[in-house]
Amino acid sequence: MSVLEVDKVSIRFGGVQALREVDLRVGEWEIVGIIGPNGAGKTTLFNCITGFYEPTSGAVRFRGRDITAMPVHRRTALGLGRTFQNVGLVKNTTVAANLATAQHLQTEYDAWTGFLGSPATFAEERRISERGALILDLMDLSDVADERVADLPYGVLKRVEIAAVLATDPDLLLLDEPGSGMGPEEAHALGDTLLRLRKEFGLTIVMIDHHVPLVTRVSDYVYCLNFGEVLAAGRPDDVRRHPEVVRAYLGEPDQPAEPAEPVIPGGTAGPLSTQEGAPA
Amino acid sequence: MSQTLDELGVAAVTGTLQGAVYALVALGIVLVYRASGVFNFAQAEFGTTGLFAAYTAKELWGWGYPSAFAFGIAAAVAMGLLTERLVIHPLRNAPRVTLLVATAGVALTAIGLQFWQFNETLVMTMPKIDDSFFLVPPFDAPVTVQQLITFGVLIAASVALALFFRSPSGLAIVAAQQEPTAAELVGISVRRVSMMTWAMAAVLGGLAGILAGPNTTFSAAFLSFGGGAALLPGFMAAVLAGMRSMPGAVAGGITVGIVEQMGTLTIVSENVPGARAAVLFVFLLAVLLVAPRGIYLGKAAVA
Amino acid sequence: MSTTEETATIPRATGAPTDAETTAVLAPVPAAATPEGRWRPGRAGWLARGAVWLAVAWLVLALPANQLSPITIGPADVDIASRAVIFAIGGLSLHVLLGWCGQISLGHQAFVGLGAFTSAYLVTDLGMSFWFAIAVAAGFGAVQATLLGMVSLRLTGLYFALVTLAYGAFAENTLFGITSLTGGEGGKPAARPPGFESPENYYYLCLAFLALVIWLDWRLTRTKGGRAMAALRENPRVASAYGINVRAYTLMAFAVSGIFAGIAGSLTAHHDEIIVKSSFDFRLALTFVLMTVVGGLRSRVGVVIGSAFFAILEEGAFVAMVEGLIGGLGFTPTFFESVIGLPAEFVGLVVGPILLLLTLTLYPGGIGQQIAPITRWLGGRRFDRHAGAVREVEVDDVRA
């Protein structure tokens, strides 16, 4: 049984069909990449999978269980972890506090009894704090544990975010542009980290990214989206060379090259190859 | 039963006229909200300030009514510009909740100053523009000329605003609200637009205060929480207008006025203490839970 | 679920790159503040801190109750001190909503008022003991606040503020106007519990409850409930991604706020020994907001000090104190009145909102931020002039 199944999911916002009958399947321990030009619907798809949007039609299944209408926090409880494009952390507190908050579901006392001060909570707090420190150590972040998130550089925050999502004890990790803002060396290192995490935690990973070399190297399977539809799906090298995919990124031959769709600021179109006329 | 019917009729008339004041306040609230996304809690205090200034000019300094009126409006505008300069502009990037608290602070400052300056005369009165009144058949609803004048001013203000928003300056305000950067690039000074907006809102508030004050006795915080409490009803009217529509604000003000008068019906006021506050609360809750986007949306398309 | 110890054997999907020699070349962490081990004050440092702590303890515990004190303050002033303590509890109550949870309540006096009338009614009409009454008041406060909280779930922040404003007026005029329960215009008497009738003893009673409330608030922030609230205040999406049920914890914040407010209400009722509904008017509502914001939205100590300050200000006692001081230094005692023309009873009304505006525009952390260097120092850390500087990061105002 696949870990994640997206079954003909469509979603519409007013007049815009953001996703059109998207099918996606992720098997146990796979790393699946999702690529596509800006505005293709990748984050929208993530939002449907994680519960921030509810699809207009279609279904999302996690280990066979229909979660299409399940609230976000319950999906986290089931084992879906997710990162955000603009770094989803609680910025006004410390890294360690974020790790503690992320372990909300693992904190085994009831909020009210904790508030009223039962002795068990002290022991539990200590355990949570130690577990958080362990995870930070794993990600080489012990030095910044007591730093305020808002004070830290972007690259470090990307790793903190991964640490936080690991703290939620996920089975399935959904990473939204984990490589954004990274140069080739950093992206390569990120790839190593992801492979290591998969191995050490037994994770299944789905990632959106524009770093095609990263996605190609690390993924077992790749989907390319455009205009809310799955353009191509298959082995990374096959997808990369697929004519539709090339056209989506580069435009039609024999025509003045134009971008696949309107320029949307933010996010690079990725180093597929030279892109004339592609959004800068 | 027929008594209730009579009362209903009176309530409708009184409510409509009282609603004119609320509508003026609501127009100011909607104007500020459309221009800067701020819930202006000081809107009614513009009115009290204007009223007190006019009162000072007329009763204490012996000016004539028109000059005192103008002076009152000027005072309100001064308050509006000061608010914009000292509070709104520095906080322009702050979260909206902060700005709400800040405008509440402005209102409180004004109230504090009023208490300070006018406490010897606990209760003040100001003559109406015209003292006559008459009873309107068939319910014998009392209608004062002052109220009719207020209503007339409301209509005039609405028309003026409508025309204004077709003019270049008015369009500049809309542009600056929707796309401040683009507006700046085209040569619109967002700063001046902001000041203009607040000045206009202050005029609307001032009108409400100076016209409503003579209807009753007044003291500090008159238009916000005192005898002429128009802040909450004004906001409710603005909510009915979806916080966007000027004509909606007028319709909303009148609606709230009438609804509030329902609290004065004998069957209600006998059984429910503080009926007016209760009626307003229930109505607000109902509107926000059922139709939070507003009811009187008119042509104000959602941007 | 796997832990760091377990390494799963992964069936290699075809084409997947090998990861046998994973050399995770992670980017080096920038040299942030490398703590060279916790700094500890020297002996002189401890002595100095101890002395200040003692002074604070004396100021709070002994002075207002005329114990171990060179000066004797009159019973009216002891009552003012009690009032300040009660205000502090009220401030902490609103602080839970506004500071920890980001919800604005412009009708908070209604929560306190309900607690006050509940307690008065139970003691006077039903003959219950004070202790039972205050517990019930806390419970009713929680219920009332939770109901309002459910409304807040359906509305964005600014609209909810309007609802609280309307609710405050509704409570003051209608709820507290139900004559059978609240005694109408005449008000409701509320006797002090036996053993605590004297001003000094009642002061200690209030202080004890303040300590309880502070402890509970501290517990809240140290546990999952408080962390959940902090997260959902700043970024509800991230909070729910962390597994936090945003709705449930919002309601929890309201409930806790209501508990504190109920306690404050009950203490108020028995402090004044008679309560009337007009005490719970818009001025009180806005004073609450004032003292919490000026106190500092992230600082418990700041809120306590700010609330106490506003309570004293309102009674004109602050002015009396300042003028006494000035008079002692040889200046004209009626400083405010003669120099600025501001009579004592209005200083609070004018100064308060101005402080609010100053806080919002110039000193966003309020009193809490200003005294942070001192509170940190007292906590055993090195004195740092810049401690506590509030650098609020702008996050998407999702609710408004």
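At what angle do H3(C) and helix H4 (residues 130-154) of chain C pack, and how far apart are their axes? In this predicted model, the two helices meet at an angle of about 145 degrees, and their axes lie 8 Å apart. The crossing in which H3(C) passes H4(C) is right-handed. On the H3(C) side, the residues that take part are Phe111(C), Leu114(C), Gly115(C), Thr118(C), Ser119(C), Leu122(C) and Val123(C). Their counterparts in H4(C) include Phe130(C), Phe132(C), Ile134(C), Phe140(C) and Gln144(C).

Chain C is divided into domain 1, covering 76-280, and domain 2, covering 283-389. Where these domains touch, 22 residues of domain 1 of chain C are in contact with 20 residues of domain 2 of chain C. On the domain 1 side, at least two residues each are supplied by helix H2 (75-100), helix H3 (108-124) and helix H7 (199-222) of chain C. Of these, H2(C) provides the largest share, with 13 residues. The domain 1 side of this contact consists of ten nonpolar, nine polar and three charged residues.

Attention can now turn to the contact between chains B and C. Here, 34 residues come from chain B and 35 residues from chain C. Three helices of chain B, namely H4 (96-118), H9 (231-240) and H12 (275-290), are the elements that give two or more residues to the side touching chain C. H4(B) gives the most, contributing 14 residues. The chain B side of this contact divides into 28 nonpolar residues, five polar residues and one charged residue.

The partner of S2(A) is strand S1 (residues 4-13) of chain A, to which S2(A) is joined by seven bridges in an antiparallel run.

Technical notes:
Residues numbered from 1 in each chain as written. Chains lettered and ligands numbered in written order. Predicted model: local features only at pLDDT ≥ 70, side-chain atom pairs only at ≥ 80, totals over all residues. Contact = placed C-beta atoms within 7 Å. Helix = DSSP H or I, 4+ residues; strand = E, 2+ residues; numbered from the N terminus. Nonpolar A, V, L, I, M, F, W, Y, C, P; charged D, E, K, R; others polar. Domains from an automatic or database assignment. Axes fitted to C-alpha atoms, helices over the stretch in contact; angles between N-to-C directions. Left-handed = near helix turned anticlockwise from the far one by under 90°. Pairing = 2+ DSSP bridges.
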